[in-house]
Amino acid sequence: MPIASVCWLIAMVVFVAAEAATVSLVALWFVGGALAAMIASLLGAGVLVQVVLFTLVSSLLLAAFRPVLRKYIAVKKTSTNADRLVGQQAVVTQPIGGGIDAGEIKVAGVLWTALADTPIAAGAHVKILRVEGAKVYVESVMAACAAK
C-alpha cells in the first residue's frame, strides 16, 4: 500500500473522530474527500491530483448534503413559560446600572436579574425585551414611550 494511501486512511480516522467529538456536520464531508483521494492514490495518481480530488469531493459533499442534514439534526428550541415575560411591564427593585451592571426586577411576584443599556433607578417601570437564561433584558417604559 502506498504511503499516500496510508496518510489518507489516517486522515479519514482523524476526520471521523473530529466529527464524533463535535457533531457539527463539517468534518464528516472530509472523510468522503479523503476516501476519494485514497482511491486515487491506490490507482497511482500523483499527490497534486489527490489533493485536488480531496478538495473537490469534500466541497461538493459539504455543499450538497449539509443543508439537507441540518434540517433533520437541528436542535429544536424548547419554549418555556419565561417566554411569556417578553413585552410585560415590571418594577425595578434594585437599580440597574446599564451595560453589564445587573439589577433586579419583580414581575408577576418573581424576582429576575435584569440588564439594560442605560441606568434605571429602583422603583421605575420597565418593559421586558427578551429573556436569556436567568436574565431579562429591559428598557425603561419612559424610554420606550419616547422612542415612539
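A: A charge sits over a ring if NZ of Lys or CZ of Arg is within 6 Å of the ring centre and within 35 degrees of the ring normal. This structure is a predicted model, and the charged end of arginine 130 sits over the ring of tyrosine 137, 4.0 Å from the ring centre.

Q: Which side chain meets arginine 130 in a salt bridge?
A: A salt bridge needs a side-chain nitrogen of Lys or Arg within 4 Å of a carboxyl oxygen of Asp or Glu. Here glutamate 132 meets arginine 130, at 2.7 Å from N to O. The structure holds 1 salt bridge.

Q: Are glutamate 132 and arginine 130 buried, partly exposed or exposed?
A: Partly exposed covers relative accessible areas between the 20% limit for buried and the 50% limit for exposed. Glutamate 132 has 43% and is therefore partly exposed. Arginine 130, at 38%, is also partly exposed.

Q: How is a pair of aromatic rings described?
A: The description uses the distance of the centres and the angle of the planes. A search of the whole structure finds 5 aromatic pairs. One of them joins phenylalanine 15 and phenylalanine 30, with 5.4 Å from centre to centre and 40° between the planes, and is tilted. Phenylalanine 15 belongs to helix α1 and phenylalanine 30 to helix α2, so the pair ties together parts that are 15 residues apart in sequence. Phenylalanine 30 has a relative accessible area of 27%, so this residue is partly exposed.

Q: Which residues do ring pairs link into a cluster?
A: The cluster consists of Trp8, Phe15, Phe30 and Phe54.

Q: What span should helix α2 have, and what is the distance between its end C-alpha atoms?
A: The expected span is 1.5 Å times one less than the number of residues. Helix α2 runs over residues 27-42, which is 16 residues, so the helix should span 22 Å; the end C-alpha atoms are 23 Å apart, which agrees. Buried residues of α2 include Ala27, Trp29, Val31, Gly33 and Met38.

Q: Which residues make the nonpolar surface patch?
A: Met1, Ile3, Val6, Ile10, Val14 and Leu42 make this patch, of about 610 Å². Helix α1, residues 3-22, supplies the largest share, 4 residues. Methionine 1 is in the segment before α1.

Q: Why does methionine 1 count as exposed?
A: Exposed means over 50% relative accessible area. Methionine 1 has 67%, so this residue is exposed.

Technical notes: Residues numbered from 1 in each chain as written. Predicted model: local features only at pLDDT ≥ 70, side-chain atom pairs only at ≥ 80, totals over all residues. Heavy atoms only, no water. Helix = DSSP H or I, 4+ residues; strand = E, 2+ residues; numbered from the N terminus. Buried < 20%, exposed > 50% of the residue type's maximum accessible area, 1.4 Å probe, protein only. Patch = residues over 30% accessible without salt bridge, like charges linked within 9 Å, V, L, I, M, F, W, Y side chains within 5 Å. Areas by Shrake-Rupley, 256 points an atom, 1.4 Å probe, with all protein chains shown as cover. Phe/Tyr/Trp six-rings, centres within 6.5 Å; stacked < 30°, edge-to-face > 60°.
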